Structure formats: structure tokens, C-alpha cells
Amino acid sequence: MSITPDQQAEIDALRATPRPTLRAVSEGMEKHLYTAIPVLDHGFIRVIDYMGDDAAITQAARVSYGKGTKAVQNDEGLIRYLMRHWHSTPFEMCEVKFHVKLPVFVARQWIRHRTANVNEYSARYSILDREFYIPEPDKLAAQSTVNNQGRGAVLQGEEAARVLEMLKADAGRSYDHYEEMLSQDGQDGLARELARMNLPANIYTQWYWKIDLHNLFHFLRLRADAHAQYEIRAYADAMCGVTKDWVPAAYAAFEDYRMGGVNLSAKGLECVKRMLAGEAVTQETSGMSKGEWREFEGMLGR
Ligand SMILES: Cc1cc2nc3c(=O)[nH]c(=O)nc-3n(C[C@H](O)[C@H](O)[C@H](O)COP(=O)(O)OP(=O)(O)OC[C@H]3O[C@@H](n4cnc5c(N)ncnc54)[C@H](O)[C@@H]3O)c2cc1C
């Protein structure tokens, strides 16, 4: 992981000066504050700041329900109720700010999540580091034959060596030219904002990324999912670990209802009812397309 000495010094200084506070504190999150969690070969996530905890969610919910919440006495039950019924605004009372270092092609997927606040490293202002994401051998895979948007068998032997060599050589050559093109060392060269355009998409960038818990769960639901590309999933998985420590009750409800749960269509629900009544439902009698039926059977673990 490529935390720079300056960043490490900043982390050490911040961790060395704890202050008492009247604000809500999540003990699980305190241990993550400022500490960088490595992701991929040069990336990381680290929590810069956060607001709220499980109690902040129920505190906000009780404002809207008032005496009605007496029916749900404990916080965990109330959080599960909110998650189950898509009452999402109480989850927006919690916020988290991450510092993330990630390859540009991952950032391009990540930035599609519009509900966060982002501030990115400026390659107009600063010179990018010579750091590229080069996949581990077990992540170098061929195009999937069944999924147009995914990868299939892991490359072996000479083929793995061939593509790895190309990835490394192209990245190195592009960076050499980037450096040679820059307006520095007494040459006119190109401005940083122009010289960067020949850099490959596996170069690393960094940003601060702030989001509320409701929208973080939405991000994690999509990006920690098995269908998400491995490289962004690696970041989402690391964030899942942090979120679990930060708001354990909310995360447990999220795991149960969102990550581990499924959405059934009306047709799907009807099929389940017919199956429970003893009928041998098939794709042909289900009213579903072949693709839908395949996913439905996968959902049922058949
Ligand atoms: C497996 C996978 C494959 C994908 N493949 C592609 C692809 O091939 N091409 C591609 O372009 N994208 C692709 N995406 C990106 C995807 O289409 C979404 O853009 C991305 O997941 C962000 O989702 P979102 O808009 O729900 O999130 P956010 O931007 O965080 O928004 C959260 C929610 O807020 C609301 N919202 C936010 N902004 C608006 C708005 N302006 N108008 C209306 N409602 C809004 C919506 O309800 C939205 O669901 C893929 C995503 C995944 C997970």
C-alpha cells in the first residue's frame, strides 16, 4: 500500500491527539479513524471523519413516530423495522467521509454514484505518482463466455505472462513519456493538465468521498455484490467491514434485508405459492423468460 510518509505522519499526529467530545461516538468506528486499510496493490480506504451511530438512527426515527415507537421497544428492532419498510431518512442522519486511493478505471465506475460529495486529487495541479494497478495472477481472466459484462477462466502459464508483460510495459512507457513531456527540467514541454492525457486507466488517483449511510448502503448493495467488477468490489468489501463496526445494528439489518434478501416479482411470488401447494412449476408454465427463470431458480438455490 502506498501511503506516503507525509500521509503517515498526518495519521500519526491525528491519532496521537485524542480529545474528549460530547458528540455521539461509535467505539467500533473509533478504531478505524484515520487508519488506512489496504485495497488492491497500491490502494486504500481510510475513514477521515464520521457522524452518528446506531442510536442516531433510532433517535431520528422516534422524532417522526413519537409514541408510536413504544410498540418497538428496542433499537435493533426499530432499525430492522425501518430497513424492512424502506423508511430510509433516519439512516441519512449518519455520515462518513473516506479518503480513497483507487485506479482511474475503478473511479469511473464509482463516480456514477451521484449522492456522495467528492473532492479529487488534481492532476492539473500536481504530478501523478508512478503507480499502476497490475492484477494479481488469479485476477487475470479471459472474457466470460456466458456474461458479456464479466470475466471467465483465469489465464494460465504463457498467456498470463504475455498479458502481464504488456500491462506493465505499456504503463511504464506511458509514464516515461508523461514525465518526458512535462514542462520541467528546463524544457517547454506540456502543462500537467495536458501531459496526463496519455496515462492509462490503471493509474491511481485519490479522493475524499463523503456520503450518508442510506446512500452508502445503496452503493454497497451494488458494488459489494457478486455481479460487480472484482476491483470495485474489493473497495466495497473493505467498506462493508468498516460499516459493520460503525453501525452494527444497521449493518446487520442491511445484510439481512438487502445483501442477503431478494426481490420477488409478482410472477415469482405466484410460482413460489404454486410450488408450496405441491405443483411442479417449470419455466414453460411459469410465465417467465428463460433468463428470468434461471435467476429465479438461482434465488431459490435450485
Ligand atoms: C453491475 C453493474 C453494471 C453496470 N453497468 C453499467 C453500464 O454498462 N453502463 C453504464 O452507463 N452504467 C452502468 N452501471 C452504473 C449504473 O447504471 C448506475 O449508474 C450506478 O450503479 C449508480 O446507481 P444509482 O444511480 O442508483 O446511484 P446514485 O447516483 O448514488 O443514486 C442513488 C439514487 O438516487 C436517485 N437519483 C440520483 N440522482 C438522480 C437523478 N439525477 N435523477 C433521478 N434519480 C436520481 C436514484 O433513485 C438513484 O437510484 C452499472 C452498475 C452496476 C452495479
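The model you are looking at is predicted.

**Helix H8 against helix H9**
- Helix H8 spans residues 213-223 and helix H9 residues 230-246; their axes come within 9 Å and cross at roughly 135°.
- That angle makes H8 oblique to H9, and the crossing is left-handed.
- On the H8 side, the contact uses Leu216, Leu220 and Arg223.
- Facing them in H9 are Ile232, Arg233, Ala236, Met239, Cys240 and Thr243.
- By class, the residues of this contact are 6 nonpolar, 1 polar and 2 charged.

**Helix H8 against helix H10**
- H8 also packs with helix H10 (residues 248-259), at an angle of about 45° and with the axes 11 Å apart.
- The two helices are therefore oblique to each other, and here H8 passes H10 in a right-handed crossing.
- Leu213, Phe217 and Arg221 of H8 make this contact with Ala250, Phe254, Arg258 and Met259 of H10.
- The contact of H8 with H10 has 5 nonpolar residues, no polar ones and 2 charged ones.

**Helix H4 against helix H10**
- H10 has a further partner in helix H4 (residues 75-84): the axes of H4 and H10 come within 9 Å and cross at roughly 40°.
- This makes H4 oblique to H10, with H4 passing H10 in a right-handed crossing.
- From H4, the residues in contact are Asp75, Glu76, Ile79, Arg80, Met83 and Arg84.
- From H10, they are Ala249, Ala250, Ala253, Phe254 and Tyr257.
- In this contact of H4 with H10, 7 residues are nonpolar, none is polar and 4 are charged.
- Ala250 and Phe254 of H10 meet H4, and they also take part in the contact with H8.

**Around the ligand**
- Which residues surround the ligand? They are Arg112, His113, Arg114, Thr115, Asn215, His218, Leu222, His227 and Ala228.
- Sorted by class, this shell holds 2 nonpolar, 5 polar and 2 charged residues.

Technical notes: Residues numbered from 1 in each chain as written. Predicted model: local features only at pLDDT ≥ 70, side-chain atom pairs only at ≥ 80, totals over all residues. Axes fitted to C-alpha atoms, helices over the stretch in contact; angles between N-to-C directions. Helix = DSSP H or I, 4+ residues; strand = E, 2+ residues; numbered from the N terminus. Parallel < 35°, antiparallel > 145°, perpendicular 65-115°, else oblique. Left-handed = near helix turned anticlockwise from the far one by under 90°. Contact = placed C-beta atoms within 7 Å. Nonpolar A, V, L, I, M, F, W, Y, C, P; charged D, E, K, R; others polar. Near = placed C-beta within 6 Å.
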